[in-house]
Amino acid sequence: MNRRVLPFLLLLSGLAFWELCVRFYQVPHYILPTPTLILTELIKKHVLLATHTLVTLQEMLIGFTLAIVIAIPIAILMFQFSVLEYAFYPFIIGSQSIPVFAIAPLLIVWFGYGIFSKVVMTAIIVFFPITLNTLDGLKSTDPDVVNMFRILKANRWQILWKVNFPAALPFIFSGAKIGISISTIGAVIGEWVGSKAGLGYLMLHSNSQMQIALVFAAIVCLTIMGLVLLAIMTFLEKIVMPWKTST
């Protein structure tokens, strides 16, 4: 059996079990709707869901791009200058112990209810895996190759771009794939704290009106969006690093 079929079979089995259990035990739809009811809601409210999905997608993509632009240069500087690594590394690690819900209200106060506060929240969450993966990738370079370039009189920046950075690409893409997958968390949390649009806002608004099927429909949209973005990132990885296609 094709290994790609197994996840779909597992998903269908889980949905069927969910449908049967809810119907058998007569669970009220405002507590746990059936998958068929969620699908109906997806079809019936597709325009509303698409509108809010585009808002969240915009926040995610801008926040992810901002994190990439900041994280990779910082990782490179930390790799090139050990004093910067010693100075910044503890703070980067320590920042992950701060609950994101504690930061979100502050971002709303500082940046307002517009898109920028959600972008910053997304960038904060995505920044960590990209920075650490890039730094680890730069450190993974074969020392023999580095020594050979030094013998050929290459300077440290030439070694960085021709040896260290190519060796770090698999790590950078690993961090980027993790980052794009969790970028939904930053955007949705920002929308929960303060927003007038986006899937996070729609989930809160629907939950307050006991429209639980619509809440699940928004979750489905978030899941699909995350999977599509991950697939795009994997496709880009294969283009940039074709030698990894067969692995």
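1. A word before we start: the model is predicted. Please keep that in mind as you follow the points below.

2. Let us begin with the rings. How many aromatic pairs does a search of the whole structure find? The search finds five. One of them joins Phe 111 and Phe 116. A pair of aromatic rings is described by the distance of the centres and the angle of the planes. Here the ring centres are 5.1 Å apart and the planes meet at 80°. Planes over 60 degrees apart count as edge-to-face, so that is the name for the pair of Phe 111 and Phe 116. Phe 111 is partly exposed, at 36% relative accessibility, and Phe 116 is partly exposed too, at 43%.

3. Now look at Trp 161 and Phe 165. Their rings make a tilted pair, with 5.4 Å from centre to centre and 55° between the planes. Both residues belong to helix 8, which covers residues 156-193. They are four residues apart, about one turn of the helix. Phe 165 has a relative accessibility of 21%, which counts as partly exposed.

4. A ring can also have a charge over it, and Phe 81 is the case to find on your screen. The charged end of Arg 156 sits over the ring of Phe 81, at 5.0 Å from the ring centre.

5. Helix 2 (residues 35-44) deserves a slow look. Which of its residues are buried? They are Pro 35, Ile 38 and Glu 41. These residues cover an arc of only 120° around the axis, so they lie on the same side of helix 2. Ile 43 and Lys 44 are exposed, on the face turned away from that buried side. As for partners, the buried residues pack against helix 1 (5-24), helix 3 (46-80) and helix 10 (212-240).

6. Side chains of opposite charge can pair when their charged atoms come close. The structure holds five salt bridges, and one of them is in helix 2, between Lys 44 and Glu 41, at 3.9 Å from N to O. These two residues are three apart in the helix, a separation of about one helical turn.

7. Another salt bridge connects Lys 139 with Glu 85, and their closest N and O atoms are 2.5 Å apart. This pair links distant parts of the chain, 54 residues apart. Lys 139 is in helix 6 (residues 115-139), and Glu 85 is in helix 4 (residues 82-95). Lys 139 is partly exposed, with a relative accessible area of 44%. Glu 85 is buried, with a value of 14%.

8. Finally, find Lys 177 and Glu 237, whose side chains meet in a salt bridge of 2.9 Å, N to O. Which parts does this pair tie together? Lys 177 lies in helix 8 and Glu 237 in helix 10, so the pair ties together parts that are 60 residues apart in sequence. Lys 177 counts as partly exposed at 22% relative accessibility. Glu 237 is buried, with a relative accessible area of 5%.

Methods:
Residues numbered from 1 in each chain as written. Predicted model: local features only at pLDDT ≥ 70, side-chain atom pairs only at ≥ 80, totals over all residues. Heavy atoms only, no water. Phe/Tyr/Trp six-rings, centres within 6.5 Å; stacked < 30°, edge-to-face > 60°. Buried < 20%, exposed > 50% of the residue type's maximum accessible area, 1.4 Å probe, protein only. Lys NZ or Arg CZ within 6 Å of the ring centre and 35° of its normal. Arc of directions from axis to C-beta. Contact = heavy atoms within 4.5 Å. Salt bridge = Lys/Arg side-chain N within 4 Å of Asp/Glu carboxyl O.
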